[in-house]
Amino acid sequence: MTDDRRWMQAALALSSRGLGRVWPNPAVGCVIVASGRVVGRGRTADGGRPHAETQALAQAGPAARGATAYVTLEPCAHHGQTPPCAEALIAAGIARVVTALRDPDPRVDGGGHDRLRAAGIVVTEDACTAEAARLQAGFLTRLRLGRPMVTLKLATSLDGRIATAGGQSQWITGPAARAHVHAQRACHDAVMVGAGTARADDPRLTVRGLGPRPQPVRIVVSRRLDVPQDSALTRSTAEAPVWMVHGPQAPAAKRAALTARGVTLIEAPTDGAGQLDLACALRMLGDRGLTRVYCEGGGSYAASLLQADLVDRMDSYTAGIAIGAEGRPALGVMGLDALTQAPRLALTDTRRIGPDILHRWARP
């Protein structure tokens, strides 16, 4: 392994700690190395500021002069709420900067690299690019498509059921898989469910068992706000934000009652069939800064996301239990007439989690 790859992987490990904690900013990691030794390190702080480079430079102090900075994303070159990181690297006397990805944000997009080179700093691009792109998938999706990256989670029996005919679903998968789901919630900006899940399960949708940490936004998609006004979600708006995406037909009385509970309402348009336009709804969530959304069902909602080609990654947990045809299917009706119309995903990972199996799928 080359030194550049070694130190960039250390920066990527720092970057990963910020996932789900720094939106709308990207989760960036920075490692500063002098004479083969780390003299400073940092990641984008919770809430998005300070930036990784600023924190690493503060830790390095005078040792930054003549050193190499490994940064997982091109340093910013524009004035926002903080001065440009490219200028901070120049002022600190950094001699060389190694980056993994160019920042496609129009305010940067090569400008950070150009500014560093103009100051006489040696810039090396594209170190560990594939690994960095996977980590930055949410940030990149929001910039390129205007919406957050969508991860769809399914927890099913061997025969693809998510509950018995009577609705019992707790618990199909084991404790290890459920703990893994909480870890996945933690690295997303928001957790989103449909109205059916909100009514049937009365979920909290918080991250538990991982110690004190920022909580994801909890989102319910309900065209007519057909959700309980008094629920685990509405009773905990002080603990973590609750957003509800609804259509124009949602009754005014329900809007007022939920708003009084501290719920943020987001009105999205409906499509020609009178259903919520999920693509538009996701773009509206992107406009609010979300970069990574973890979707936890149920079947109709999951099918709608797949049908609309809005799923970027699927985490499918399978338990060694058979429920039968009378059980509730993992996916609702998709209206397919031929296999050629069916969404296809590429398998990227398979692992055992306790007694269960996780298959991870992604866009080909």
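Select β8 and strand β9 (residues 217-221) in this predicted model. The two strands run parallel and are joined by 5 bridges. Now pick out Gly194: its bridge partner in β9 is Val221.

Together, β8, α8 and β9 make a right-handed β-α-β unit.

Next, select strand β12 (residues 292-295). It pairs with β8 in the parallel sense, over 3 bridges. Here Ala190 has Val293 of β12 as its bridge partner.

Stay on β8 and show its side chains. In a regular strand the side chains alternate between the two faces of the sheet. Ala190, Met192 and Gly194 point one way from β8, while Val191 and Val193 point the other way. Are these residues buried or exposed? All are buried. The strand, residues 190-194, is mostly covered, with 5 of its 5 residues buried.

Move on to the open sheet. Its 5 strands come in the order β2-β1-β3-β4-β5, and the pairing is mixed. β2 (37-43) and β5 (122-124) stand at the edges with a single partner strand each, so one side of each has no neighbour in the sheet. On average, neighbouring strands of this sheet are turned by 15° against each other, direction ignored.

Zoom in on β5 and strand β4 (residues 96-99). They run parallel, joined by 3 bridges. Find Val98: it stands opposite Thr124 in β5.

Finish with two helices. Select α1 (residues 3-16), which lies across β1 (29-34), β2, β3 (68-71), β4 and β5. Helix α1 runs at about 140° to β1. Then select α2 (residues 52-60), which packs on the sheet and touches β1, β2 and β3. The direction of α2 makes about 145° with that of β2.

Terms used: Residues are numbered from 1 along each chain as its sequence is written. This is a predicted model: local features need pLDDT of at least 70, side-chain atom pairs count only at pLDDT 80 or more; totals for chains, interfaces and linings use all residues. Side-chain values use heavy atoms; hydrogens and water are left out. Two strands pair if DSSP finds at least two bridges between them. Helices (H or I, at least four residues) and strands (E, at least two) are DSSP runs, numbered from the N terminus. Axes are lines fitted to C-alpha atoms, for helices over the stretch in contact, and angles run from 0 to 180 degrees between N-to-C directions. Contact means heavy atoms within 4.5 Å. Buried means under 20% relative accessible area, exposed over 50%, partly exposed in between (1.4 Å probe, protein chains only). A crossover is right-handed if, with the strands pointing away from the viewer, the path from the first strand over the helix to the second runs clockwise.
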